[in-house]
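Please consult the sequence and the structure alongside the text.

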Amino acid sequence: MSGPRKPEPVKLIASIFSPEGERIDRAVRQLARRYGDPDYISAVVPFDETDYYEPEMGTPLKRRFLSFETLIEPGDLWDIKLHTNDIEREASVDGRRTVNIDPGYVARAHLILATGKPYTHRPYVRNGLYADLTLVYRDKSFQKLEWTYPDYASRAVREMFNRIRARYLLQLKGTENDEGV
């Protein structure tokens, strides 16, 4: 019989995009105040795999990915998503978002994003939020799935998350050593 047990901590990540670089930088600072310093911030890259956000946010959209030094409990992601929704609302102008923040986490076996959009591959979690299984770790690399967003499916982004996962595993080793495991 399987019984409940405490999950392993995971590495908080986020994707932030906006037409304005200062809005992205401000969101990074807001997240850092709440979740600790990022240990990785990507270069600014174009967010151009979809035009879904352009009517609301304008164009061209720019993006940064980041990960945070402090590990979280996987169940914390849903409160973090509610917090990032608040940041988006506070930054909106005339009811239109000026920044989009997609939090998620990297674990040993997968990358999960939090979303408010249900779909077949997104089981409900709580508070109107769903877990999007975006990437799985197999054969020594993150692998895309049939539903993975094209930007997350790209080799460059998967390699970036492989490096973030490697750092995460080192952190887990440190945690295990600190706890005498």
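Asp94 is found in the loop between H3 and E5. In this predicted model, the phi angle of Asp94 is near 55 degrees, a positive value in a residue other than glycine. With a relative accessibility of 78%, Asp94 counts as exposed, because exposure is assigned over 50%.

Lys140, placed in the loop between E8 and E9, also has a positive phi, near 65 degrees, and is likewise a residue other than glycine. Its relative accessibility is 75%, and Lys140 therefore counts as exposed. Thr59 and Pro60 are joined by a cis peptide bond, with omega at about -5 degrees.

Strand E9 covers residues 141-144 and includes Ser141. The relative accessible area of Ser141 is 19%; the residue is classed as buried because the limit is under 20%. When neighbours within four places in sequence are set aside, Ser141 is in contact with Val136 and Asn162.

Leu129 belongs to strand E8, which spans residues 129-138. Leu129 has a relative accessible area of 3% and is therefore buried. Apart from neighbours within four places in sequence, the contacts of Leu129 are Trp78, Lys81, Leu82, Thr115, Gly116 and Tyr124. Between Leu129 and Gln143, which are 14 residues apart along the chain, the C-alpha separation is 24 Å.

| Residue | Relative accessibility | Class |
|---|---|---|
| Asp94 | 78% | exposed |
| Lys140 | 75% | exposed |
| Ser141 | 19% | buried |
| Leu129 | 3% | buried |

**The largest pocket**

Which residues lie closest to the centre of the largest pocket? The space in this pocket is about 480 Å³. Its lining consists of 25 residues, of which Tyr53, Asn100, Asp102, Lys117 and Tyr149 are the closest to the centre. By residue class, the lining divides into 10 nonpolar, five polar and 10 charged residues. Several secondary structure elements supply at least two lining residues each: helix H3 (77-90), strand E5 (100-106), strand E6 (110-115) and helix H4 (150-153).

**Overall fold and dimensions**

The protein contains five helices and nine strands. Along the sequence, these elements follow the pattern β-α-β-β-α-β-α-β-β-β-β-β-α-α. Of the contacts between residues at least 6 apart in sequence, 66% link residues at least 24 apart.

How does the radius of gyration relate to that of a compact globule? For 181 residues, a compact globule would have a radius of gyration near 16 Å, and the protein has 16 Å, so the value agrees with that expectation. Along the principal axes, the C-alpha atoms fill a box of roughly 50 × 35 × 35 Å.

Of the 181 residues in the protein, 45% are buried. The accessible surface comes to about 10100 Å², and carbon and sulfur atoms account for 50% of this area.

How values were computed: Residues numbered from 1 in each chain as written. Predicted model: local features only at pLDDT ≥ 70, side-chain atom pairs only at ≥ 80, totals over all residues. Heavy atoms only, no water. 1 Å grid on protein atoms, 1.4 Å probe; cavity = no way out; pocket = protein on both sides within 12 Å on 5 of 7 lines; lining within 4 Å. Points joined across faces, edges and corners; volume = space filled by probe spheres on them. Helix = DSSP H or I, 4+ residues; strand = E, 2+ residues; numbered from the N terminus. Nonpolar A, V, L, I, M, F, W, Y, C, P; charged D, E, K, R; others polar. Rg over C-alpha atoms; globule rule 2.2 N^0.38 Å. Buried < 20%, exposed > 50% of the residue type's maximum accessible area, 1.4 Å probe, protein only. Contact = heavy atoms within 4.5 Å. Areas by Shrake-Rupley, 256 points an atom, 1.4 Å probe, with all protein chains shown as cover.
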